[in-house]
Each structure stands twice: as structure tokens, then as C-alpha cells.
Amino acid sequence: MTILPLIFTSGLASGINAYAVVLLLGLLGRFADAQSVPHALERTDVLIAAAVLFLLEAVADKIPYVDTVWDAVHTVIRPIAGAVVGVLIASTDPGSLSEVAAGAMGGTTALVSHLVKASLRMAVNTSPEPASNIVVSLLEDLSVAGLVILAIFHPWLAASIAAVLLAVGLLLVWLAISRIRAFRARRRARRAARAAGAAAGAGELSRQA
């Protein structure tokens, strides 16, 4: 069942950059004769729309805090894109996987990877300089391109790499949340200590008066 790893990988990549996935799949299907790519993605109007939206995302995704707003808007768009791509891929090989299951897999994987991406980018935005944001965005774009191309020619290898990347991303999110909680706890403790010190100082002054 070669479409299964392709659906999983395209779903994960859609959660990072759905427009890049649609554009790359369409180009590979149209010019590289990739049989597993749905014909609907090869249409000229689809390719043009995907290219324009990809360029918009390429700019917005590299601007600190603008990328957070962009991610928030795409919390719905990316899972839907992952589900639609999954359904279209399943339609190219009828009987191998139901379109409902394909849509569920693509949409769920896209949602999880999107949440991981959005969470990590929020952590990156705490950096005072914009260079880290640009570097991370470029790495994401390159990862999506590499995974999609690999998924067409070596689907199971691509799916294995995608699964590892997703696991690493979830681990990084967990570590980031743990550090944020620890930082907030230390800040609350310092505030409580300063408040207690100020109260003690005020009490001492009142006794001296």
C-alpha cells in the first residue's frame, strides 16, 4: 500500500506548509510523471494559486510575531489541506484505502505537525533577534520540499523520516513547555520574595516611628 506513507508524509508536511505541498506535488505530477499524484493538483489554476500563496507564506513566516498570527489563521486551513490531499491521493488508487480513512490520516497528521510548528515558532519568537526566525523558517521550507520529493520516489523512507521528525518535534515542545513553566515558577517566587521583603521593611519602619 504505497499511498499510505505518501498520505502520512504529505499530511505532516501540510501542517508545516500546505501550499508548498500542493505546489510540489502538482509540479512533480505534471513534469516528473509521478503516478501517485492526483490530476487535480496538476491543474494550472491550482499550481498558480499554490505558488502565490506559497510566496505570501514565505514572507509572512519569516517575520517575528507575524508568523504567529499566520499560524493561528492556518490552524484550520492546514489540517483541511492535509485531509483534502489525503483524499485526492487515495482516489488515485481506489480500493487500497478508503477516502474517509485517508482524509482522517492526512488531516490529523497535519493538525499535530501544525501545533508542533506553531508552538516551537512561538518559542523562537522570544529571541531578541530576527535571524533565528528566518533560519528556522528556511529549514522548515527545505524539510517540506525534501520530504515531499522523497515521498514520491521512496514513500516508506520518507514516512519513516517524517515520523522521527514528528517525534522529535513533540519532544521539543514538551521541553519548551517545561522550561516555560519552570521560568514562570521562578518569577513568581522572586516576586513573592520581593513583596515579603518590602512588607518586612515597611513593618520595621513603622516600629521605629
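Analyst: Happy to! A helix here is a DSSP run of H or I at least four residues long, and helices are numbered from the N terminus. Keep in mind that this is a predicted model. The protein has 6 helices and 0 strands, and its pattern along the sequence reads α-α-α-α-α-α. Of its 209 residues, 39% are buried.

Let's settle on helix α3, which covers residues 66–91 and includes V73. V73 belongs to a nonpolar surface patch together with V69, V76, I77, I80 and V84, and these side chains share about 510 Å² of accessible area.

R78 is buried, as its relative accessible area is 0% and the cut-off for buried is under 20%. Its side chain meets that of E57 in a salt bridge, with N and O 3.0 Å apart. This pair links distant parts of the chain, since E57 sits in helix α2 (residues 44–60) and R78 in α3, 21 residues apart. E57 is buried too, at a relative accessible area of 1%.

D67 makes another salt bridge, this time with R121, with 3.3 Å between the closest N and O atoms. Because D67 lies in α3 and R121 in helix α4 (residues 99–124), the pair ties together parts that are 54 residues apart in sequence. D67 and R121 are both buried. They also join a network of salt bridges with shared partners, whose other members are D61, K117 and E140.

E140 leads us to helix α5, where it is one of the buried residues, along with S137 and D141. S137 has a relative accessible area of 0% and lies in α5, residues 131–153. Setting aside neighbours within four places in sequence, S137 touches D61, K62 and R121.

K62, in turn, forms a salt bridge with D141, their closest N and O atoms being 3.1 Å apart. K62 is in the loop between α2 and α3 while D141 is in α5, so this pair ties together parts 79 residues apart in sequence. Both partners are buried.

To put these pairs in context, the structure holds 9 salt bridges. Among contacts with a separation of 6 or more, 72% are between residues 24 or more positions apart.

Conventions
Residues are numbered from 1 along each chain as its sequence is written. This is a predicted model: local features need pLDDT of at least 70, side-chain atom pairs count only at pLDDT 80 or more; totals for chains, interfaces and linings use all residues. Side-chain values use heavy atoms; hydrogens and water are left out. Patches are made of residues with over 30% relative accessible area and no salt bridge: like charges are joined within 9 Å, nonpolar side chains (Val, Leu, Ile, Met, Phe, Trp, Tyr) within 5 Å. Accessible areas come from the Shrake-Rupley method with a 1.4 Å probe; for residues, only the protein chains shown count as cover. A salt bridge is a side-chain nitrogen of Lys or Arg within 4 Å of a carboxyl oxygen of Asp or Glu. Helices (H or I, at least four residues) and strands (E, at least two) are DSSP runs, numbered from the N terminus. Buried means under 20% relative accessible area, exposed over 50%, partly exposed in between (1.4 Å probe, protein chains only). Contact means heavy atoms within 4.5 Å.
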